[in-house]
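Subject: Structure handover

Hello,

Please find the structure below. My notes follow it, so that you can read them with the model open.

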Amino acid sequence: MAEDKTFKQELLNIFENAKDTPPDKLVFTYNGVLYPTATCNIDTFQALESFEARYDDIMLAAYPKCGSNWTMRLLSDMIKVAYSRNALANIPILEFAAPDKFEKLKQEYSPRLLSTHLHYDAIPKTIFEKGVKIVVVIRNPKDTAVSFFHFYNNSPLYPSYNSWDTFFQDFVSGKVAWGSYFDQMVAWNKHIDDDSVYIVTYEEMKQDLKAAVKKMAGFFGISLNEEQVQQIADDGTFKFMKEKAKESYGDFVPVFFRKGEVGDWKDYFTEAQNQEIDAKFEECLAGTKLGEMMNYNVYCK
């Protein structure tokens, strides 16, 4: 879509530049967590410490491959409809490095669309001090792992894995970009009842996208009529987004849009891997509100 040209062009530049990076230089460690060198750097993380949030910012938080690109599209469409302006003029992912990133953010009109894959404890404190409303998108761990595996192998941003088995072990132990899936879920569960936090699952969005759009708009106080909600939902289906992405993402469409399915994990997990991740879920999330929201017995058994 033409109005997103700057955002998408910056992303494509990042992907192109990463092609020339040696595999052993594609990731680095900051505060014990792996991050991709092509999109993140220490200077940006340090600049985030003094980032100034606004009380009316619209924030999206999600572990990688849990539906962040999808939800960002939905939120940007809501802003475009309600405020008649483009919310994707710049890269909204806070930890992604970009020229004059924070100066550009200061100049953006409110409400600004912000996004992050960071762990709760790494998100700039001003976000919470200002009471910024955050929609957190979660996805069952098995589909998340499979999607992340393909993202690693299809994207020039990450070192490739020779096998699913090797990636699985790194995913379960948190030795992948942005760290442990389970640590992030445990942290968000502690804040599930915060007034400024709204948690939505990837699976419920797949089941009834119109209802999910309506709830998110209501949470952020974005006024939309029924026709507008329906249009945003129609334009936000996986099929529609993948088709439109060909115009701007070109060869990188498969990186961002693969299957978008629920239950794809069944073609990858061995019985031993099933038992291992089931045990990890039991240890970290069983009996929690966030764990209940996942409907683990429905989507992961």
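In what sense do S3 and S4 pair, and over how many bridges? The two strands pair in the parallel sense, over four bridges. Two strands count as paired if DSSP finds at least two bridges between them. Helices (H or I, at least four residues) and strands (E, at least two) are DSSP runs, numbered from the N terminus.

Before the rest, the conditions. This is a predicted model, in which local features need pLDDT of at least 70 and side-chain atom pairs count only at pLDDT 80 or more, while totals for chains, interfaces and linings use all residues. Residues are numbered from 1 along each chain as its sequence is written, and side-chain values use heavy atoms, with hydrogens and water left out.

The sheet

S3 and S4 belong to an open sheet of four strands with parallel pairing, in the order S4-S3-S5-S6. At its edges are S4 (113-116) and S6 (197-201), each of which pairs on one side only. Neighbouring strands are turned against each other by 20° on average, direction ignored; axes here are lines fitted to C-alpha atoms, for helices over the stretch in contact, and angles run from 0 to 180 degrees between N-to-C directions.

Met59 has Leu114 in S4 as its bridge partner. S5 (residues 133-138) pairs with S6 in the parallel sense over five bridges, and Val135 stands opposite Tyr198 in S6.

In a regular strand the side chains alternate between the two faces of the sheet. S4 is covered on both faces: Leu113 and Ser115 on one side, and Leu114 and Thr116 on the other, are all buried. Buried means under 20% relative accessible area, exposed over 50%, and partly exposed in between (1.4 Å probe, protein chains only).

H3 lies across S3 (58-62), S4 and S5, and runs at about 170° to S3. H8 (residues 181-189) lies across S3, S5 and S6, and runs at about 135° to S5.

H3 and H11

The axes of H3 (residues 68-83) and H11 come within 10 Å and cross at roughly 145°. Leu74, Asp77, Met78 and Val81 of H3 make the contact (heavy atoms within 4.5 Å) with Gln228, Ile232 and Asp235 of H11. These residues divide into four nonpolar, one polar and two charged.

In H11 (residues 226-235), Val229, Ile232, Ala233 and Asp235 are buried. Asn225 caps the N-terminal end of H11, with a side-chain oxygen 3.1 Å from the backbone nitrogen of Glu227.

Tyr299

Tyr299 lies in H16 (residues 296-299) and counts as buried because its relative accessibility is 19%. Leaving aside neighbours within four places in sequence, Tyr299 is in contact with Asn140, Glu203, Val262, Trp265 and Met294. Tyr299 and Glu203 are 96 residues apart along the chain, and their C-alpha atoms are separated by 8.5 Å.

Regards

How values were computed. Polar contact = N/O pair within 3.5 Å; in protein donor to acceptor, adjacent residues only side chain to side chain. Nonpolar A, V, L, I, M, F, W, Y, C, P; charged D, E, K, R; others polar.
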